[in-house]
Amino acid sequence: METQAMQVAIIGTGYVGLTTGVCLAHLGAHVICCDVDERKVTLLKNGVVPIVEDGLAEVMQGAIDAGRLSFVVGNDPAVRTADVVFLCVPTPQDEDGSADLSYVRAAATEIGPILKPGAVVVNKSTVPVGSFGVVGETLDRDDVSVVSNPEFLREGTALHDFLNPDRVVIGSDDERAAQMVAALYAGLDTQFVFTDPTSAELIKYAANGFLAMKISFINSVAALCEHVGADIARVVEGIGSDRRIGSQFLQPGPGWGGSCFPKDSRALVSTAAQHGYDFSLMRGVIDINEQQYDRMVHKVMAAVGRDVSLDGVVVGALGLTFKAGTDDLRESPGLRVIDVLRARGATIQAYDPTTTGELNPIQRERLAGLNLKAGALDAAHGADVVVILTEWPEFTTLDLEKVASVMRGAAVVDCRNLLDGDLVRSAGLGYQGVGRS
Ligand code: UDX
Ligand code: UDX
């Protein structure tokens, strides 16, 4: 089937579903994005992208203007006419670390009876290995195929990642269904990995688990650098230039977070355990990450000369999102560090470029109790220590003399190795990075 003739329905218009819907429409398909959230759908209909995602609004407007993209509340009737339906609903984590499939099940239960004959249902949400079977059983349709097509989109660069993928993974036992999904991506210059559904599901977890492992590894090496007096930047340069290793995902930091790595790494451990395998390497990767948050807390304590309590200490926290380029606070390492600093008595004055306007309900809940400021200098004002938690580019151009002049103390803890330590010191401030000699 030609991409241009394809009717696509996207169920769930969050970070993943919206990018997928916009990009598939951009590539030529006719796409209807469905969501249960009326507020979100109203914004989208008016051309407003409710998340921070570079370039997405422009491409979305182009697809709307071309008549290939629309937004609706609810899934019926959009799925009745769809050739391909993408499930992009949340798969939150259960208490035992496994993924909660209730949204996926609910969506499959609803659409099962109304899908047109020959339709293809695509699992885009990251679902546990074997979920492909759960969706098939829930749909309860012999004439409908299920395909696993995992996403590899980084928030902030999701549009770029979608349109320039290293590969598109398609897992299916049905050749016709696999080719229909592949046709949607025909406009991309990429390679396809056709495989069985179970392998496709595992590819997603293994990719994120491996990337998390790289970061935990380099964070461990950074800790070692501090012990032996080596410089992590040089070590990364030295090992990253070996093409077998590669330089990506080797930036030391406050630990990895976000909506995927924490959830997927725990699910990998839990899936393995359910099948009788102890994935001890992955457990170690997670442990090291937890320790990394604590290491950042200790750096802050040391910077202000405290051992136990931070009573009376004012911390200027720069960056709240789990990384730069997104407004997403889910499992933010910076917020984990802030939580501990607060629990020890510190007062937090925080600035993040995505939290200066009116807060959405998620931001209001997660940021309750923080003294939010309109700019980095305001957050530094009267602070004993300034802590950089997210690598927002604007922090690289901070006027350090001004920062020094407004602070009460004189310490900077740079959890992202964003600043030049010598420049910070020459402004009269103490400097602590991660793994820097
Ligand atoms: C989600 C999952 O968390 C992730 O594991 C998966 O890979 C893709 O989907 P994300 O897009 O970041 O990731 O989730 P989120 O931004 O929460 O968006 C989900 C959307 O689905 C929300 O807009 C929500 O309103 C909508 N939704 C949820 C539905 O439309 N129907 C439902 O039944 C449930
Ligand atoms: C991730 C995957 O990269 C992507 O393919 C998809 O599966 C969704 O999950 P995302 O969560 O948007 O994307 O963020 P990513 O850029 O991968 O970063 C995850 C975390 O690792 C962030 O907290 C980030 O700051 C941290 N990180 C990343 C580092 O600490 N060092 C690095 O070198 C890279």
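Predicted model: local features only at pLDDT ≥ 70, side-chain atom pairs only at ≥ 80, totals over all residues.
**Helix α7**

I looked up which residues of α7 are buried, and found Ala177, Ala178, Met180, Val181, Ala182, Ala183 and Leu184. Buried means a relative accessible area under 20%, exposed means over 50%, and partly exposed is in between (1.4 Å probe, protein chains only). I noted that the helix covers residues 175-184 and that seven of its ten residues are buried, so the rest of the structure largely encloses it. Helices here are DSSP runs of H or I with at least four residues, strands are runs of E with at least two, and both are numbered from the N terminus.

Residues are numbered from 1 along each chain as its sequence is written, chains are lettered from A, and ligands are numbered from 1 in the order in which they are written.

At the start of α7, I found a side-chain oxygen of Asp174 within 3.0 Å of the backbone nitrogen of Arg176. A polar contact is a pair of N or O atoms within 3.5 Å; within protein, one must be able to donate a hydrogen and the other to accept it, and residues adjacent in sequence count only if both atoms are side-chain atoms.

**Helix α1**

I checked the length of α1, residues 15-26. Its twelve residues should span 16 Å at 1.5 Å a residue, and the end C-alpha atoms are 17 Å apart, which agrees. The expected span is 1.5 Å times one less than the number of residues.

Ten of the twelve residues in α1 are buried. Among them I listed Tyr15, Leu18, Val22, Cys23 and Leu24. After the helix comes Gly28, which has a positive phi near 125°.

**Ligand 1**

I counted 20 residues around ligand 1, with Asp35, Lys40, Thr91, Thr126 and Lys263 coming nearest. A residue is near a molecule or strand if one of its heavy atoms lies within 4 Å of it. By class, the shell has seven nonpolar, six polar and seven charged residues. Nonpolar covers Ala, Val, Leu, Ile, Met, Phe, Trp, Tyr, Cys and Pro; charged covers Asp, Glu, Lys and Arg; the others, Gly among them, are polar.

I then looked up polar atom pairs. A polar side-chain atom of Lys263 is 2.7 Å from an oxygen atom of ligand 1. For an N or O atom in the side chain of Arg330, the distance to a ligand oxygen is 2.8 Å. A polar backbone atom of Val36 is 3.2 Å from an oxygen atom of the ligand. On its own, ligand 1 has 690 Å² of accessible area, and the protein covers 86% of it. Accessible areas come from the Shrake-Rupley method with a 1.4 Å probe; for residues, only the protein chains shown count as cover.

**Ligand 2**

Which helix gives the most residues to the shell around ligand 2? I found that α8 (residues 197-228) does, with three. The shell holds 18 residues, and the closest are Glu155, Gln251, Gly257, Lys323 and Arg416. I sorted the shell into nine nonpolar, three polar and six charged residues.

A polar side-chain atom of Arg416 lies 2.8 Å from an oxygen atom of the ligand. Polar backbone atoms also come up: one of Phe152 is 3.3 Å from a ligand oxygen, and one of Leu250 is 3.3 Å from a ligand oxygen. The protein buries 92% of the 660 Å² that ligand 2 exposes when taken alone.

**Single residues**

Is Asn75 buried or exposed? Asn75 counts as buried, because its relative accessible area is 7%. I placed Asn75 in the loop between β3 (69-73) and β4 (84-87). The side chains of Asn75 and Glu110 make a polar contact at 3.0 Å. Leaving out residues up to four places away in sequence, Asn75 touches Ile11, Cys34, Glu110 and Ile111. Contact means heavy atoms within 4.5 Å.

I found Ser265 in helix α10 (residues 261-274). Ser265 is buried at 1% relative accessibility.

Val304 sits in the loop between α11 (280-303) and β9 (314-318). I noted Val304 as partly exposed, at 21% relative accessibility. Val304 and Gly409 are 105 residues apart in sequence, with their C-alpha atoms 8.1 Å apart in space.

Terms used: Heavy atoms only, no water.
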